[in-house]
Amino acid sequence: LGDVLLALLKGYSLDVFDARVPARTSVSVVLIDGEGERRFVRQPGNNDALGFEHIRRDVVEDARILSVAGAMALSSLDGEGMERLLRLAREADSLTVLDFRINRPRYDMDQVRRTIALADWVLPNRQEAAYLTGETRPQAMAQALQAMGAKNVALKLGEQGCLLAWGAERAMIPGCPARVVDGTGAGDNFAGAFLHALSRGLHPVDCARFACAGALKGRPLHRF
């Protein structure tokens with residue numbers, strides 16, 4: 001499966017780095033109910049084996065943006081390895097970004113806070129932000145994340161859009177009207193669109209508008 005994914009990626013204008021770890025490719029099966037809510041069945045694999053030693057230093061140092069998708073779900077990288085990775089990027093003047101996936105019952109929250117403090121942007125969804133901060137209101141979540149050291153926050157709020165917090169500024173960006181059938185990949189699409197706009201020098205509000213539109217994707221609806 002990993003070889004298939006690498007071959008697909010090489011079909012795009014991307015620099016693809018084949019960094020292999022001694023583990024099988026992890027697989028997630030997404031189950032979607034009638035309300036569009038998702039449940040995941042996961043076979044662990046290389047995500048749990050990836051460590052700092054597998055990451056090419058030259059690639060990180062040449063990057064304009066280092067984005068970690070799945071922070072807190074990379075058991076061999078989270079913690080000290082993640083801190084080393086983010087510091088390496090910062091020393092190279094790269095923008096550091098964390099997107100999250102919480103898949104364990106317990107974490108060393110002091111270590112999580114140290115990691116967040118090394119991020120220029122954090123992109124949690126509502127459930128992740130609630131877990132990280134203990135807050136229930138988006139404004140309070142964003143404030144708490146910045147108090148942990150995150151410079152800027154783009155809090156994903158599903159159909160409500162997103163809340164931006166950059167420096168002392170705040171902005172609520174509405175979502176795009178849509179009938180939700182399958183939300184799989186919406187958060188990843190948001191992150192990719194947001195960072196693309198950020199790399200083009202757009203204002204954070206414009207980045208968030210672009211990302212809210214980018215989070216949508218159309219597909220035929222098949223019923224079985």
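This is a predicted model: local features need pLDDT of at least 70, side-chain atom pairs count only at pLDDT 80 or more; totals for chains, interfaces and linings use all residues.
**Cysteines**

I looked for disulfides first, and the count comes to zero. C162 is in no disulfide. Its nearest cysteine sulfur belongs to C212 and is 4.2 Å away. A disulfide needs the two sulfur atoms within 2.5 Å. I note that C212 has its closest cysteine sulfur in C162, at 4.2 Å, so the pair is too far apart for a bond.

**The largest nonpolar core**

Next I looked up the nonpolar cores. The largest has 34 residues. Which residues have the most contacts inside it? They are I116 and V122. α4 gives the most, with five residues.

I took a closer look at I116. I left aside its neighbours within four places in sequence. I116 is then in contact with L98, F100, V122, L132, L145, M148, G149 and A150.

**α6**

Which of its residues are buried? I found E128, A129, L132 and T133. They cover an arc of only 115 degrees around the axis, so they sit on the same side of α6. What covers them includes β4, α5, α7 and β6.

I checked both ends of the helix. At the start of α6, a side-chain oxygen of N125 comes to within 3.1 Å of the backbone nitrogen of Q127. Just after α6, G134 takes a positive phi of about 75 degrees.

**Another core**

I went back to the cores. The largest nonpolar core has 34 residues.

**R56**

Last, I looked up R56. Where does R56 lie? I found it in the loop between α2 (46–49) and α3 (57–62). Its relative accessibility is 42%, so R56 counts as partly exposed. I also compared its position with that of H196. R56 and H196 are 140 residues apart in sequence. In space they are 22 Å apart, C-alpha to C-alpha.

Note on methods. Residues are numbered from 1 along each chain as its sequence is written. Side-chain values use heavy atoms; hydrogens and water are left out. Helices (H or I, at least four residues) and strands (E, at least two) are DSSP runs, numbered from the N terminus. Buried means under 20% relative accessible area, exposed over 50%, partly exposed in between (1.4 Å probe, protein chains only). A nonpolar core is a set of buried Ala, Val, Leu, Ile, Met, Phe, Trp, Tyr and Cys residues joined through side-chain atoms within 4.5 Å. Contact means heavy atoms within 4.5 Å. The arc is that of the directions from the helix axis to the C-beta atoms. A polar contact is a pair of N or O atoms within 3.5 Å; within protein, one must be able to donate a hydrogen and the other to accept it, and residues adjacent in sequence count only if both atoms are side-chain atoms.
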